[in-house]
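Reader: I would like to go through this model term by term. Please give the rule each time, then the value.

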Amino acid sequence: MSEPAPSVATPEQERAQERSDDPEPDAEPTAEPVTTGAQSVIRALENVGVEYAFGVQGGAIMPVYDALYDSDIRHVTMAHEQGASHAADAYGIVSGEPGICLATSGPGATNLVTGLADADMDSDPVVALTGQVPTEMVGNDAFQETDTTGVTTPITKANTFSSDPDTVGDDVGEAFALANTGRPGPTLVDLPKDVTLDDTEREPGEARVPDTYDVQERADPEVVRAAARRIESADRPLFLLGGGVIKGDASAECREFATDHEIPVATTMPAIGAFPEDHELSMEMAGMHGTGYANMAITHCDTLIAVGTRFDDRLTGGIETFAPDAEVIHVDIDPAEISKNIHAEYPLVGDAATVVDQLSAEVEESPRAKKWRAQCQQWKSEYPMAYDTPEDEPVKPQFVVEAVDEATSDRAIVTTGVGQHQMWACQYWTYTEPRTWVSSHGLGTMGYGFPAAIGARLAAEDDQEVICVEGDGSFLMTMQELAVAVRENLDITVVVLNNEYIGMVRQWQDAFFEGRHSASEYGWCPEFDKLAEAFGARGFRIDDYDEVADTVEAALDYDGPSVIDAHVDPQANVYPMVPSGGDNGQFALTEDQL
């Protein structure tokens with residue numbers, strides 16, 4: 001995993017340099033000393049190079065915000081704490097460094113819970129700093145008191161109730177280090193107001209994980225050798241890349257291994273972009289709404305090289321029918337994931353990039369899989385990702401997704417909410433680079449997409465476009481963050497695939513509940529283009545095919561936040577589809593095949 005970034009000069013350091021009588025122009029500035037617990041918290045963040053923090057001010061966290069006032073760390077005030085946690089999550093995904101979110105006690109902290117649970121499910125590095133009532137009031141049902149550490153223990157990698165102003169900075173540094181060491185995840189430090197207000201002269205130490213926290217980097221050499229022999233003898237090998245490939249910065253190693261040995265590659269949804277989807281070896285995404293050819297490859301492979309995946313139910317379908325003929329080589333940094341859902345004949349615990357390098361060094365000859373590669377190409381021809389565009393029907397959402405993809409660069413970052421629009425953004429956008437796909441996978445959080453776009457925009461390079469593909473239902477949950485995008489003048493293009501339904505629910509109701517649309521049909525939606533204008537953003541609308549290209553171009557050309565309200569076919573469904581718990585090799589291409 002990457003090392004913490006070096007510290008940056010604070011305003012205190014710059015002012016000290018200006019006051020210095022030392023004629024040496026290159027003399028290092030001297031930081032003003034820490035005097036309170038709150039200043040120690042901020043110094044700990046500065047020491048690890050934090051550039052952005054996302055949050056909402058409040059009473060119990062106020063001392064920390066007062067210390068932040070003098071820092072170079074740029075704070076982005078969000079409209080809602082849930083937005084802060086999603087923005088921090090996306091910042092971590094794109095940057096590779098933990099995102100920081102802040103909230104006050106009670107409702108502020110509990111509003112972070114959805115975002116922390118999301119980050120926990122997806123192993124995203126986030127550090128949450130929450131205010132708390134003064135220590136002497138804890139347990140007395142004080143105003144805005146909540147047992148934050150108790151509430152968040154099940155959904156964080158680690159959390160701490162900080163009780164001493166002399167060590168509060170160390171607690172924050174440890175939380176930062178833990179969030180991005182080994183298997184990433186969210187951490188939290190609860191900050192009682194008296195601890196952040198109290199005096200201290202102690203500077204926080206180096207950010208480091210506890211001595212008891214041990215991460216295995218290299219896999220057992222004997223198991224590596226056995227796995228290498230299996231790869232060499234495989235007739236139908238398949239690489240399956242999971243989200244851990246991107247988290248562990250192992251995309252380059254996996255690409256090299258796959259191309260050197262000509263092994264077809266499928267990905268899970270969190271791993272989109274880990275292998276270029278325009279490469280001839282790419283089978284693209286597997287699972288419930290994965291490509292037919294990826295699911296056929298998994299079903300018929302005899303050797304599955306799985307890297308950084310937890311084999312969740314949306315990938316596997318029924319456990320008993322998943323890769324039934326395969327011997328499984330499973331690489332994961334978390335030993336708890338090995339054989340948890342899918343038995344691994346070759347368990348390789350360690351850092352993804354390191355273990356793939358171990359395998360690469362050990363494999364002496366490529367598997368003889370020419371016929372297998374030809375079979376994979378045949379499946380691509382048999383089960384293409386395609387859709388019809390009848391002129392007498394509303395605009396197909398897939399058409400809109402493809403139009404935006406064509407109008408943007410290969411390095412564009414896509415964020416999404418959750419639902420049908422998310423699946424179309426997976427299926428009809430061609431991803432070639434890691435950290436360009438930002439979405440909610442394990443928790444499936446509607447409303448994730450737009451606040452995530454804010455975090456992604458601030459983590460991205462200036463020349464990278466940031467596109468948020470949303471559904472009308474998902475966008476309604478967090479669209480208040482448009483106020484933030486306008487205030488910060490963030491260049492984000494939102495594409496709302498508006499079908500006036502909770503679309504995925506409607507699709508399931510049609511397939512499995514006799515078309516009874518209970519609480520899934522809106523029948524009316526706001527005019528999102530006009531709402532965007534009310535917020536101070538630019539609004540656009542699409543109703544016909546001939547409007548798509550020009551509207552997309554105009555929205556992308558606008559230097560600031562823009563929203564396209566794309567009215568799409570309300571009856572469009574997401575296919576292929578494997579019914580929950582079904583056989584991946586028996587995917588449906590139409591509703592009557594379910």
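Author: Contact means heavy atoms within 4.5 Å. Helices (H or I, at least four residues) and strands (E, at least two) are DSSP runs, numbered from the N terminus. Helix 13 lies across strand 7 (237–241), strand 8 (265–267) and strand 9. Its angle to strand 9 is about 105°, on a scale from 0 to 180 degrees between N-to-C directions, with axes fitted to C-alpha atoms, for helices over the stretch in contact.

This is a predicted model, where local features need pLDDT of at least 70, side-chain atom pairs count only at pLDDT 80 or more, and totals for chains, interfaces and linings use all residues. Residues are numbered from 1 along each chain as its sequence is written, and side-chain values use heavy atoms, with hydrogens and water left out.

Reader: What makes strand 9 and strand 12 edge strands?

Author: Two strands pair if DSSP finds at least two bridges between them. Strand 9 (282–285) and strand 12 (346–349) each pair on one side only. The open sheet has six strands, ordered 9-8-7-10-11-12, with parallel pairing.

Reader: How do you know that strand 10 and strand 11 pair?

Author: Strand 10 (residues 303–307) and strand 11 (residues 327–332) share five bridges, in the parallel sense. The rule asks for at least two, so they pair. Threonine 303 faces glutamate 327 of strand 11.

Reader: How is the packing of helix 13 and helix 16 described?

Author: Helix 13 (residues 292–300) and helix 16 (residues 370–382) pack at about 145°, with axes 8 Å apart. Tyr293, Met296, Ala297 and His300 of helix 13 meet Trp372, Cys376, Trp379 and Lys380 of helix 16.

Reader: Why is cysteine 301 called buried?

Author: Buried means under 20% relative accessible area, exposed over 50%, partly exposed in between (1.4 Å probe, protein chains only). Cysteine 301 has 0%, so it counts as buried. Cysteine 426 has 4%, so it is buried too.
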